[in-house]
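Reader: I'd like to go through this one with you, piece by piece. Can we start with the fold as a whole and then zoom in?

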Amino acid sequence: MTVTETTGEDTGARTDTCAGPPQGDRRPDGADKYTISEVAALTGLSAHTLRWYERIGLMPHIDRSHTGQRRYSNRDLDWLALVGKLRLTGMPVADMVRYAEMVREGDHTYADRFELLKATREDVVARIAELQGTLAVLDRKIGFYADAGRALASERSR
């Protein structure tokens with residue numbers, strides 16, 4: 001079992017293969033061996049960040065070539081897409097690592113993963129509400145300046 005896949009072989013449960021639709025410039029499965037520079041170009045992450053993710057346990061078990069070079073798969077790209085979304089939520093790196101560890105531990109961690117993601121979702125919803133309030137303030141200010149600008153232009157044209 002990997003961090004990008006959980007299975008329920010004996011229960012018939014569904015497979016969770018991370019986040020997001022497949023991205024455009026991917027190789028077909030089986031021919032999907034990407035170098036670290038190719039993954040950096042595809043994801044926008046630096047090679048340093050990819051190595052760091054591996055070192056802290058966020059991207060464990062990256063395949064290696066016979067010369068020791070990292071070889072990433074489409075599944076690794078899927079996992080990186082999920083990690084990117086989790087980063088956008090503001091989830092701390094320690095929680096992302098904990099989530100990855102729970103995925104590797106197996107199905108018995110579903111409840112803990114559920115709680116972690118649910119708490120993260122609640123944080124995101126609260127941030128969205130805060131941003132909507134901020135947007136409303138900006139809209140009022142923009143409206144004020146638009147009205148003031150029209151009034152000023154009207155006075156000048158007299």
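Reader: What share of the contacts with a separation of 6 or more comes from residues 24 or more positions apart?

Author: Keep in mind that this is a predicted model. Take the contacts in the protein chain with a separation of 6 or more, and pick out those between residues 24 or more positions apart. Their share is 54%.

Reader: How much of the chain is buried, and how much of its surface belongs to carbon and sulfur atoms?

Author: The chain has 158 residues, and 30% of them count as buried. Its accessible surface comes to about 10500 Å². The part of that surface belonging to carbon and sulfur atoms is 55%.

Reader: Which residues touch the most other members of the largest nonpolar core?

Author: That core has 25 residues. Helices H1 (36-43), H2 (47-56), H3 (74-88) and H4 (93-105) each give two or more residues to it. The residues touching the most other members are Leu 50, Tyr 72 and Leu 80.

Reader: How do H1 and H2 lie to each other, roughly parallel or roughly perpendicular?

Author: For two packed helices, you want the angle between the axes and the distance between them. Here the axes are 9 Å apart and the angle is about 105°. Angles of 65 to 115 degrees count as roughly perpendicular. So H1 and H2 are roughly perpendicular.

Reader: And which residues make that contact, and what classes are they?

Author: H1 brings Ile 36, Val 39 and Ala 40, while H2 brings Ala 47, Leu 50 and Arg 51. Sorted by class, that makes five nonpolar, no polar and one charged.

Reader: What is the phi of His 61, and is the residue buried or exposed?

Author: Most residues other than glycine have a negative phi. His 61, in the loop between H2 and strand S3 (63-64), is not a glycine, yet has a positive phi of about 60°. Exposed means over 50% relative accessible area. At 69% relative accessibility, His 61 is therefore exposed.

Reader: On to Glu 38. How does it count by accessibility, and which residues does it touch beyond four places away in sequence?

Author: Glu 38 is in helix H1, and at 27% relative accessibility it counts as partly exposed. Its C-alpha is 9.7 Å from that of Arg 71, 33 residues away in sequence. As for contacts beyond four places away, Glu 38 touches Arg 27 and Lys 33.

Reader: Which residues does Arg 70 touch, on the same terms?

Author: Arg 70 is in strand S4 (residues 70-71). Not counting residues up to four places away, Arg 70 touches Tyr 34, Thr 35, Ile 36, Arg 51, Glu 54, Ile 62, Asp 63 and Arg 64.

Reader: Last one: how far apart in space are Arg 75 and Asp 29?

Author: Arg 75 is in helix H3, and counts as partly exposed at 35% relative accessibility. Arg 75 and Asp 29 are 46 residues apart in sequence. C-alpha to C-alpha, the distance is 9.0 Å.

Conventions
Residues are numbered from 1 along each chain as its sequence is written. This is a predicted model: local features need pLDDT of at least 70, side-chain atom pairs count only at pLDDT 80 or more; totals for chains, interfaces and linings use all residues. Side-chain values use heavy atoms; hydrogens and water are left out. Buried means under 20% relative accessible area, exposed over 50%, partly exposed in between (1.4 Å probe, protein chains only). Contact means heavy atoms within 4.5 Å. Accessible areas come from the Shrake-Rupley method with a 1.4 Å probe; for residues, only the protein chains shown count as cover. A nonpolar core is a set of buried Ala, Val, Leu, Ile, Met, Phe, Trp, Tyr and Cys residues joined through side-chain atoms within 4.5 Å. Helices (H or I, at least four residues) and strands (E, at least two) are DSSP runs, numbered from the N terminus. Axes are lines fitted to C-alpha atoms, for helices over the stretch in contact, and angles run from 0 to 180 degrees between N-to-C directions. Angles under 35 degrees count as roughly parallel, over 145 as roughly antiparallel, 65 to 115 as roughly perpendicular and the rest as oblique. Ala, Val, Leu, Ile, Met, Phe, Trp, Tyr, Cys and Pro count as nonpolar, Asp, Glu, Lys and Arg as charged, and the others, Gly among them, as polar.
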